[in-house]
Amino acid sequence: MLRYSLKRLLQGLVTVFLIATATFFAMHSVPGDPLAGDKALTERIRANLEAKYGLDQPLMTQYGIFLGNLVQGDFGISYTQENRRVNDIIREHFPVSATLGILAVAFAGLGGVLWGALTALYRNRWPDMAIMLAVILGISVPSFVFAALGQLLLVQVNGWLGFSLLPVAGWGTVAHMLIPSLVLGLGTMAYLTRLMRSSMLEIVGSDFVRTAKSKGLSASRIFTHHQLRNAILPVVTVLGPAIAAIATGGFVVEMVFAIPGLGRYFVQAVQQLDYTVIMGTTVFYGAFLVFMVIVVDLLYGWIDPRVRLE
Amino acid sequence: MTEAAFTADDFQPAAAAHSAQAASRPSLSYWQDAWIRLKANRRALSSLYLVIGLLLFTLIGPLIWTVDPSLQDLEQISQPPGADRNAVVVAPHSPWNGVARQPLGGGLGLAEPPTTQSVRLAWEPLPDAAGYRLYRNLFPYEPGQPLGLPLFATFNADRRHFEDRLDLKPRTYHYSVAGLDAQGEVTGAVRSLEVAVARVVTAQDAQDIGLVADAGQLSPGDRIKLRAHPLGTDYLGRDLLARLMAGARVSLFIGIAAPLLFIAFGVIYGAAAGFLGGLADQALMRFSDFVVALPFLLFMILLRVASGVQPGESGITPMVLAMVLLSWPAAARLVRGQILQIREEGYVSAARLLGGSAPYLVLRHMIPNTLGVILVTMTFAVPTAIFTEAFLSFIGMGVAPPTPSWGSMCNEGIKTMLTTPHELIFPALFISVTVLAFNLLGDGLRDALDARMRSAE
Amino acid sequence: MSLTVAQASDRRGDAAFNRSAARQLGLFGLATLIGLAALMWGLNLLASLTATAGGAPPAVDAANNAITVMLAEEPPQLDSTRATDQVSGLVLGHVMEGLLRYDQRGELAPGVAEHWRIDETGATFRLRADARWSDGQPITAHDFVFAWRLGLDPANASQYAFILYPIKNGEAVNQGRLPLTELGARAVDARTLEVAFERPIAFFDKLTAFATYLPVREDFYRAAEGRYGAGADQLLYSGPFAITSWVHGQSLQLDRNPHYWDQARVRLDRISVGYITSDPNTRLNLFKDEKIVMTGLTAENLNSALEQRWRIHRFMDGSIFYLEFNHREGRPTRNLNFRKALALAQDSGELVYKVTKAPGYLPGESLFPRFLDGVHGKFRDEHPARVRQMDLRAARAHLRQARQELGLDEFPPLVLLAGDNPVSNVQTEYFQAVFKRNLGLDIKIDRQIFKQRLAKMTAGDFDLVLAGWGPDYNDPLTFGDLFASWNLNNRGRYASAAYDRQVRIAQGAMDAPTRMAAFAEMQRIIHEDVVIIPNYERGVAYVTHPRVKGIVRRVVGADTDYTYAWIDP
């Protein structure tokens, strides 16, 4: 187990190195001028700026410097916010994205399991129909439409009530997190509900459930210990990719709800060709995802004893 | 000792007996069987029809509804479906010197009949006014209520006329003129006027949008019916139905071409890895692990910017390439797993014993046996690709204008969500229906093609 | 028979099982809810470590005499020597004050300088004794000298260094040819600042209100170790407000600066920037929810604002937008007849009133916007711009002529370079259709993100480009010198000796009539040479909270200015 974990960790580090390399060269092949501003630069000022960011060095030297700094965990200084370090930007804004993501995953995971189990229990009756209709909407409507509609609905509700039930946008309290994370988790929740439902239905008809029933076990025990527990397994397998999707898919929600997350910074950085922020964010997210996948794999081996880690 | 007597007959071969086993039902190939099962699944079948319908809409639609999707009908900007289309022909707009051609009423009055081309207003002096500010509103003037959108302000008390041309629609407006004191504050004296604007079009514009062959055929005062737009128009007066068809070509092309390509690549890659095995397999799969680890959306954006869209290009090709570059590992892994499994099957060993070459084994046995899984994966990849396109267009990193796509149309429509919802609803509806159809079709195919993957429904 | 009984009992059993399972599920649901609540509580705790807890206050908080506003983006740079953008300018306008400032009517007013004297060779500023930094120390002449040297220091690489060039040796210092100490600005004593000019300049007083001229205190700057302006604590304030908290990307809090000298003019105690978003729908929703006191309107949400019966204001922000031609060798746009054909084939009135539909925009007529002052009144009233009316017949005649002059059978497709913002998207698609329909010309749209567009503009990689320009100071020269052949911002490389001559006159002359005549001549050359096709002058329609009065919008200087605002009781 320990050896396996170490091996995976080592592989993860190699992957992160490769991601950093890919990002660096993708970034430097982008046409355009990261130093350009509304006002044209004189040659002297341009030369000074290039020296400041090391752009005057040959590409391979820049790459070497970049890797050297990366090993020390230093991503450099932002181009657009010249007095902020990229490390500070990540440190300040990633927790926001992560909070939003954790809540969204929690909503999606727990909601998916509960709704899925419910639909399986009431198969082809009205709760099933109603939830499945919602699931269809959740799967087929783009997230930016949901985000815009969600905000509009909030404004209307606040208007009818005459006071602010939930804030329309912004960040800072639980109330700010509720609707954005719901919107962010909605698609995944719908997907998981469907998965849970078919997984439940498969298990309801399986032999071990029938055996358990004929043994005379209590209904609640059969339900929780035999049905739910086994039905959840396939849901857990897709949770890893789901976390990945949610962690990097927060741009739209962050933009619409004015949330100071890292995703919004990334989009802005790309539009501004802020090399250091783009590279820092991508490498950071890459590393984060690599290790999340490792953790989920290890967790899965722990939850499901049938899976033996090689 | 008696000896058995054999006759020559005894040494005749026995007549062929009727076989003890017979196929009681006609023999069905894998695909026939799958088709029968798919047909039995009502949901999958209707989604299949839906997909066919969408393809027809995309391919045949433009042959039936032959409106040019880039034709700008500036007389009918952001029209909802089924709006009134009557218009009167007028002379082209010419600058106005402020002289009234018709008598003014008391206070604020119209210098000429109000049209969607221009509303020409003039007013009598207001008491104690050092200047004036003119407003336009959707509601009648009520004291104490805001006067509406300020169109014009002047501190010249003799300047008492104004021509409004801003986005005039054939509806009723309420204009108000308020007197200003020397500090620019409203004095309280207000005159207001209700104006019902008539829709007009110039002969040249009528020719430009193809209503008449030659502008000379029309003379001012003629009545004319503007172009019909069954689903309304967008922010530049372009026909939404034609745009949706053109957008379908882009969105469905990306949605289908990208999965097709990355799955084809994944299949080759995965088959190679699975078949070669050993170190080559290890190396190939490590590389695919690396690609999987790249944050998808971040790299989509990065590659989109890095590839740089050239002038006049739509940017579809770079987007498809980026998708292929980042999405193939899933298919490769899947195929590799399948191949590893199939390699151990008896019929493959038999074929190998009989001297089948490696390419023969792969092409004849392995790939056909994984086709079902591949097809299902592909069907599920389509909605993802369509969503990705829509998402990229939403953050302004999608296809370049003027190429329409459903995603970019949604992006435009979301801005006018409140005033002209049809510009958002239609493209969003098409995205949703397509995504749903492919999802349900994928479910049906999975159930029909692969017993092992069959869901419990 | 027995089978059906068994089935029935099975079904009964199922029903019982389902009831029990549903109860179980309900329990799980409850547990989930509690779990989620706990999770959110935990996250809230965590979030409060990185953010100000409590979220943003309402738009108007009369009890605390505070208002809440939003910003379009995070201020990228609050180091005044390097700030270049409008949002940073807005924030700096609230927390900083230089020698002079603009008042609520947009007129120059004394700031840190009590009185001053400007002549052809230089200027002397006398600083007021009670002008203090937010830590209570007096603002001295040395703080200005330090800031200006910093702005020109090649190592600091400020993009706005050029605005300090009127100071003697400014350009030489910036190019590293002279040491910083050679700059023609000197602190005679703590309260007297002496400036020598490179050459006579008519509008130096207006320049001193610009952000790059703001003071910076040396000891504080050095102590910040390269992070000056990065956070609330890394900045020293000389203006009516001070930043007391800054959560990046989320909020800023500006509180009244108790050491500011002119307390009488400041009526609010606090301005909270509660939201940072550029999404117009989000902003409108925030305003509707009474979370912010002001928001701009777009063409799309104008009707919503009217239906809500909000009070709408309008303001011209002084920037102009135009189609710029590439005048480089080898481009068809170098041909005058070709440019005339394009100019005559389009109608900026149609563009503004029907296509962009933005409330407040005016059709473009000149390089010089309407707000600029002339000798007595407004420059544009004294020198009305000549305007080309759309004339297809003339346009096509010019096009034929251009074709002959260039020896072309067919024009190659023209590349129209543009940014990727919504307004320029609409514009490019409109121009593409217009030039195709009216002249049969093919236009290739080249939509690029900001930095790629600038790189292509600098490289001359375009035929036409959608460009714009906003004023740095309140003098026509800020627009006029744009097309001087030596100006690096002249991306189309228009070069005309006659035009250059007029720019030199406007730069060197001190008397208004001579200068205005020069600008009028520039306006005529731009029109006759069709250097650009003016598209529009930008205006803004915006709505304000009915209880908040005295919000100042201005063309030059911090826009929007809340320092004069108050809450109506």
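I started with burial in chain C: buried residues account for 51% of its 569 residues. A note to myself before going on: this is a predicted model.

Next I looked up the make-up of chain C and found 17 helices and 20 strands. I also checked its extent, and its C-alpha atoms fill a box of roughly 110 × 70 × 45 Å along the principal axes. Then I turned to contacts within chain C between residues at least 6 apart in sequence; 67% of them join residues at least 24 apart.

On to the neighbour. I see 68 residues of chain C in contact with 62 residues of chain A. Which elements of chain C each supply at least two residues of that side? I noted α1 (2-50), β11 (270-276), α7 (280-288) and α14 (450-459) of chain C. The largest share comes from α1(C), with 19 residues. By type, I get 31 nonpolar, 29 polar and eight charged residues on the side of chain C that touches chain A.

Last, I went over to chain B for a sheet. Three strands make an open sheet there, ordered β9-β1-β10, with mixed pairing. I marked β9 (200-202) and β10 (223-225) of chain B as the edge strands, since each pairs on one side only. On average, neighbouring strands of this sheet are turned by 45° against each other, direction ignored.

I then followed one pair: strand β1 (residues 86-90) of chain B runs parallel to β9(B), and three bridges join them. Where does B:Val89 find its bridge partner in β9(B)? I found that partner at B:Val201.

How values were computed
Residues numbered from 1 in each chain as written. Chains lettered and ligands numbered in written order. Predicted model: local features only at pLDDT ≥ 70, side-chain atom pairs only at ≥ 80, totals over all residues. Pairing = 2+ DSSP bridges. Helix = DSSP H or I, 4+ residues; strand = E, 2+ residues; numbered from the N terminus. Axes fitted to C-alpha atoms, helices over the stretch in contact; angles between N-to-C directions. Buried ≥ 20, exposed ≤ 12 C-beta atoms within 10 Å, placed from the backbone. Contact = placed C-beta atoms within 7 Å. Nonpolar A, V, L, I, M, F, W, Y, C, P; charged D, E, K, R; others polar.
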